[in-house]
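Please read this briefing with the sequence and the model side by side. The topics are taken in turn, from the contact between chains down to single residues.

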Amino acid sequence: MSERRDDLLDEAVLRRALRFEADERVPRFNAGAIALAAQSRPFARYAAAGAFGGAAILAVTAWGVWTAIFAAFPTVADAAISTAIDAAVAIATLLIPIADFAAQPAVPLSLLAALGVAILYELRDRREHAHADAS
Amino acid sequence: MALHTSLSALLPRAFARMGRVTFADAVREHQDELYGVALRILGDRDAAQDATSRALLKAFRSWASYDQTRPVRHWLLRIAANEAISIGRERTRDRDRRTAADDAIEMPDRSPLPDESLVAREERDRVRRAVAGLPELYRVPVVLRYFSELSIEEIATVTGRPASTLGVQLLRARAMLRSALEATR
């Protein structure tokens, strides 16, 4: 604590400056409205849970359908798998040059990582703003 | 939990009879101070109102789990200060808007004032501008100490910082404020 008393702003001055004055309007907050606003949130949770459950049911159904097709029409299933593998190879062929580009010393990975983080941050920020506007 | 908290908000008298502090009571009793703390930290009315709303919403959601043997005031102040800090950080990204210091001096009453009041108001605005310009580390304890009138130990409870550190931070803050005010004279 190297500050001398003369170097400090007087506490009474600070108190006077920070306290509410008669000409300062203070908004009213309604507990009931806050309670209602808070209750509207669980709907989003239910929606998320419903979406998750729906996705799970869809996945199980798709798996069942696929198993049935594979059992009934083995050749069709083979063709579908071959097509999927070809598509994966095609995508990999596209991605390899991009990965090579990213591996170039002239393109620092930190720059790409920073770009990714910035995009994620911006998306999150927009979502928060949208949420704040809605609430 | 949601049922209890919403009932306590909607039916405060019934819960008060059970000897529990209701959320509605807490809001009624502390809303001015929470808004004031947010306003002095942020220096902007809209942002302070937003911070207070968010703080009260968070408090409502955590009301059932809050330990009622501890002072509700400190708990609410902690939430409000954290929300204000959070909003302040968000706002630093939008520096194109009016500065916090400018907002801090905006007053709704534009009626002419006697010279003495005018001088006092200018002095008050200068101090508020200086407080709004303090780094966040110092601004929060200054507001809690000189607006909310909390003791160092209480500020330590609210902020989670050691009391000894807070003592030093308050001294440094006052020194910084003095320098800032002398620089603007």
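What follows is a short account of a predicted model, beginning with the interface and ending with a single backbone angle.

In this predicted model, chain B and chain A share an interface in which 44 residues of chain B are in contact with 34 residues of chain A. The area buried between the two chains is about 3,900 Å², and the rule finds six salt bridges across their interface. Chain A itself holds five helices and zero strands, and 14% of its 135 residues count as buried.

**The interface between chain B and chain A**

- The size of an interface is often expressed as the accessible area that is lost when the parts come together.
- For chain B and chain A this buried area comes to about 3,900 Å², with carbon and sulfur atoms giving 62% of it.
- Twelve residue pairs are counted in polar contact between chain B and chain A, with both residues at pLDDT 80 or more.
- On the side of chain B that touches chain A, the elements giving two or more residues are α1 (2-10), α3 (23-42), α4 (45-62), α7 (115-132), α8 (136-146) and α10 (163-183) of chain B.
- Of these elements, α3(B) gives the most to the side of chain B that touches chain A, contributing nine residues.
- By residue class, the side of chain B that touches chain A divides into 24 nonpolar, six polar and 14 charged residues.

**Helices of chain A**

- From the N terminus on, the elements of chain A run α-α-α-α-α.
- An α-helix has 3.6 residues a turn, so residues three or four places apart point the same way.
- In helix α1 of chain A, which spans residues 11-18, the buried residues are V13(A), L14(A), A17(A) and L18(A). Because they cover an arc of only 115° around the axis, these residues are placed on the same side of α1(A).
- In helix α2 of chain A, which spans residues 31-40, A31(A), G32(A), I34(A), A35(A) and A38(A) are buried. Their arc around the axis is only 160°, which again puts them on the same side of α2(A).
- At the start of α2(A), a side-chain oxygen of N30(A) comes to within 2.8 Å of the backbone nitrogen of G32(A).

**Salt bridges and their surroundings**

- Over all chains, the structure holds 19 salt bridges.
- Within chain A, the side chains of R19(A) and E21(A) meet in a salt bridge, at 3.5 Å from N to O. With a relative accessibility of 43%, R19(A) counts as partly exposed, and E21(A) is likewise partly exposed, with a relative accessible area of 23%.
- Within chain B, D44(B) and R91(B) form a salt bridge through their side chains, at 3.8 Å from N to O. D44(B) lies in the loop between α3 and α4 of chain B and R91(B) in helix α5 (residues 72-91) of chain B, so the pair ties together parts that are 47 residues apart in sequence. D44(B) counts as buried at 10% relative accessibility, whereas R91(B) is partly exposed, with a relative accessible area of 22%.
- Another salt bridge of chain B joins E83(B) with K58(B), whose closest N and O atoms are 2.6 Å apart. Since E83(B) lies in helix α5 of chain B and K58(B) in helix α4 of chain B, this pair ties together parts that are 25 residues apart in sequence. E83(B) is buried, with a relative accessible area of 4%, while K58(B) is partly exposed, with a relative accessible area of 44%.
- Salt bridges that share partners join R19(A), E21(A), R124(B) and D125(B) into one network.

- Which residue of chain A meets E149(B) in a salt bridge? The partner is R15(A), and the distance between the two side chains is 2.9 Å from N to O.
- E149(B) is found in the loop between α8 and α9 (152-159) of chain B, and the residue is partly exposed, with a relative accessible area of 42%.
- Most residues other than glycine have a negative phi.
- E149(B), although not a glycine, has a positive phi of about 60°.

How values were computed: Residues numbered from 1 in each chain as written. Chains lettered and ligands numbered in written order. Predicted model: local features only at pLDDT ≥ 70, side-chain atom pairs only at ≥ 80, totals over all residues. Heavy atoms only, no water. Contact = heavy atoms within 4.5 Å. Buried area = accessible area lost by both parts, 1.4 Å probe. Salt bridge = Lys/Arg side-chain N within 4 Å of Asp/Glu carboxyl O. Polar contact = N/O pair within 3.5 Å; in protein donor to acceptor, adjacent residues only side chain to side chain. Helix = DSSP H or I, 4+ residues; strand = E, 2+ residues; numbered from the N terminus. Nonpolar A, V, L, I, M, F, W, Y, C, P; charged D, E, K, R; others polar. Buried < 20%, exposed > 50% of the residue type's maximum accessible area, 1.4 Å probe, protein only. Arc of directions from axis to C-beta.
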